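Trainee: I am new to this structure and would like to learn how to read it. Could you take me through some of its features?

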Amino acid sequence: MSRGNALVVGGGIGGLSTAIALRNADYDVHVVELRADLHSSVHGVGIIQPVNALRALDAIGCAEACMAVGCSTTAWGRLLDVDGNLMREMPGSRIPGSDLPPMNGLTRPQLHKILTDKAREVGAVIGYDKTFTTLDDGPDGVRVVFTDDSRAVYDHVAGADGVHSKVRPYALAEDLKPVHLGRSAFRLDIPREPETDRIILQAGPEGMAGFVPIGPDLAYLFHNTTWEEGRWLDQDRTADELHERLAPFGGLTGRVRDKHIDDSTEIVFRPEAWLIAPAPWHKGRIALIGDAVHAVTPHLGQGAAQAVEDGVVLAECLAQHGDHEEAFTACGERRYERCKLIVESSVAIGEHEMDPASHPDFDHAGLTQHVLESMARPV
Ligand SMILES: Cc1cc2nc3c(=O)[nH]c(=O)nc-3n(C[C@H](O)[C@H](O)[C@H](O)COP(=O)(O)OP(=O)(O)OC[C@H]3O[C@@H](n4cnc5c(N)ncnc54)[C@H](O)[C@@H]3O)c2cc1C
């Protein structure tokens, strides 16, 4: 028997995970996604899945499929200097009693397909090219008017519509804007070299270059680099720009730079921004999850992991408490400190990377290990 119905706004990683978790807890679920289809809602190249992401995906029946198409590793990574010499091993963390690996990498389109297929399999209804125009939270439910003029009433609404969330003003006391870190990220899929059997980080003078295995023969190169907010970069200049910025690197980064960086159309360039909303993350029957309340820079590979965890915990709390106020309050209590640790640690790593000489005692590998071990603990 249905426990009630829920609308999920946003069909990204967090929204789809929430939809699956809510369906599995016997809610009727509708998802509305602004973009035209499954593929147009996927940005970027690959995704890092730390062990806590895999645990949360396992809870919604998607971890095995991710590991089957991706590349699982026996350790988190390795930190090298600009010339490619080993500085630190980064073991990552495991969950006692589970055989999930410290890290799995896969492509974003693969992850989106796995989540979309599962959401449909469990009976969530996904409407593309569609969003809401108004949300009116009343005693009997949230009255929603959609962009195609259809209307419906929902017991619960989950805003999973990302860092520029339109649901956010309905749920937070005051609206927030993401903070730009003064950094941007270049990403590019490349053939996987044998040494990319884990995340490889290479510390440059003002930015980290690195490699993430995302398939048996596939990896992505990334470079997080200083970039003033608002500065434009034409897509057809991205290869030249990345070449220049990777000029100081030797080792693997130097070899890949000289061999694979020539096609600007293949390079994904994204500014890095962060945001942590003060709790509570709900008002009445409307709750927020994912980047809408805790957007994070990519330095710990945890943004999507937290969005999946949000969805799993939200559904658990609703199933356990029934009443939306109790459920959303319990959910916030389980989520806030965890997400805050991720956001603050990622920003600290990003700031250190921009100017390593000013933070000589900063322990990048140590902070990463601390966060990964914290995330492996129960949610
Ligand atoms: C360069 C980069 C690399 C990253 N790498 C990693 C990584 O390796 N591992 C990791 O865990 N995280 C990573 N992240 C973070 C991760 O991508 C995000 O944290 C994650 O995608 C958040 O999921 P979300 O569902 O909350 O939001 P989003 O992924 O932004 O999804 C929001 C969805 O809502 C839709 N939408 C927006 N507005 C509306 C609306 N009004 N109505 C309906 N739909 C709407 C959007 O089209 C989108 O599909 C990275 C981020 C960046 C910038």
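Trainee: Which residue just after α1 takes a positive phi?

Mentor: That residue is D26, with a phi of about 70°. Before we go on, two notes on reading the model. Residues are numbered from 1 along each chain as its sequence is written. This is a predicted model, in which local features need pLDDT of at least 70, side-chain atom pairs count only at pLDDT 80 or more, and totals for chains, interfaces and linings use all residues.

Trainee: How many residues does helix α1 have, and what span does it reach?

Mentor: The general idea is that the expected span of a helix is 1.5 Å times one less than its number of residues. Helix α1, residues 13-24, has 12 residues and reaches 17 Å from its first C-alpha to its last, close to the expected 16 Å.

Trainee: Is α1 mostly covered or uncovered?

Mentor: Here we count neighbours. A residue is buried if 20 or more other C-beta atoms lie within 10 Å of its own, exposed if 12 or fewer, and partly exposed in between, with C-beta atoms placed from the backbone. By that count α1 is mostly covered, with 11 of its 12 residues buried. Among them are I13, L16, I20 and R23.

Trainee: How many residues surround the ligand, and which are the closest?

Mentor: A residue is near a molecule or strand if its C-beta atom, placed from the backbone, lies within 6 Å of it. In this model 32 residues surround the ligand, and G10, G12, G162, G290 and G303 are the closest. The elements giving two or more residues to that shell are α1, β2, β3 (46-50) and α9. From α9 comes the largest share, 4 residues.

Trainee: How do the residues of that shell divide into nonpolar, polar and charged?

Mentor: Ala, Val, Leu, Ile, Met, Phe, Trp, Tyr, Cys and Pro count as nonpolar, Asp, Glu, Lys and Arg as charged, and the others, Gly among them, as polar. The shell around the ligand holds 13 nonpolar, 13 polar and 6 charged residues.

Trainee: Now for sheets. What order do the strands take in the open sheet of 3 strands?

Mentor: Strands of a sheet pair through backbone hydrogen bonds, either parallel or antiparallel. In practice, two strands pair if DSSP finds at least two bridges between them. The order here is β9-β10-β11, with antiparallel pairing. Strands β9 (132-138) and β11 (151-154) stand at the edges, each with a single partner strand, so one side of each has no neighbour in the sheet. From one strand to the next, the twist averages 20°. Strand β10 (residues 141-146) is joined to β11 by 4 bridges, and R143 has V153 as its bridge partner in β11.

Trainee: What order do the strands take in the open sheet of 7 strands?

Mentor: It reads β6-β5-β14-β15-β16-β13-β17, with mixed pairing. The edge strands, each pairing on one side only, are β6 (86-90) and β17 (268-274).

Trainee: Why is β16 largely enclosed by the rest of the structure?

Mentor: Strand β16 (residues 218-226) has 8 of its 9 residues buried, so the rest of the structure largely encloses it. Strand β13 (residues 179-191) pairs with β16 in the antiparallel sense over 9 bridges, with A185 facing its bridge partner N224 in β16. Strand β15 (residues 207-213) also runs antiparallel to β16, joined by 7 bridges, and a hairpin of 4 residues links β15 to β16.

Trainee: Which strands does helix α6 lie across?

Mentor: For angles, axes are lines fitted to C-alpha atoms, for helices over the stretch in contact, and angles run from 0 to 180 degrees between N-to-C directions. Helix α6 (residues 238-245) lies across β13, β15, β16 and β17, running at about 75° to β16.

Trainee: Is L86 buried or exposed?

Mentor: L86, which lies in strand β6, counts as exposed, with 10 C-beta neighbours inside 10 Å. Leaving aside neighbours within four places in sequence, L86 is in contact with R78 and L80.

Technical notes. Contact = placed C-beta atoms within 7 Å.
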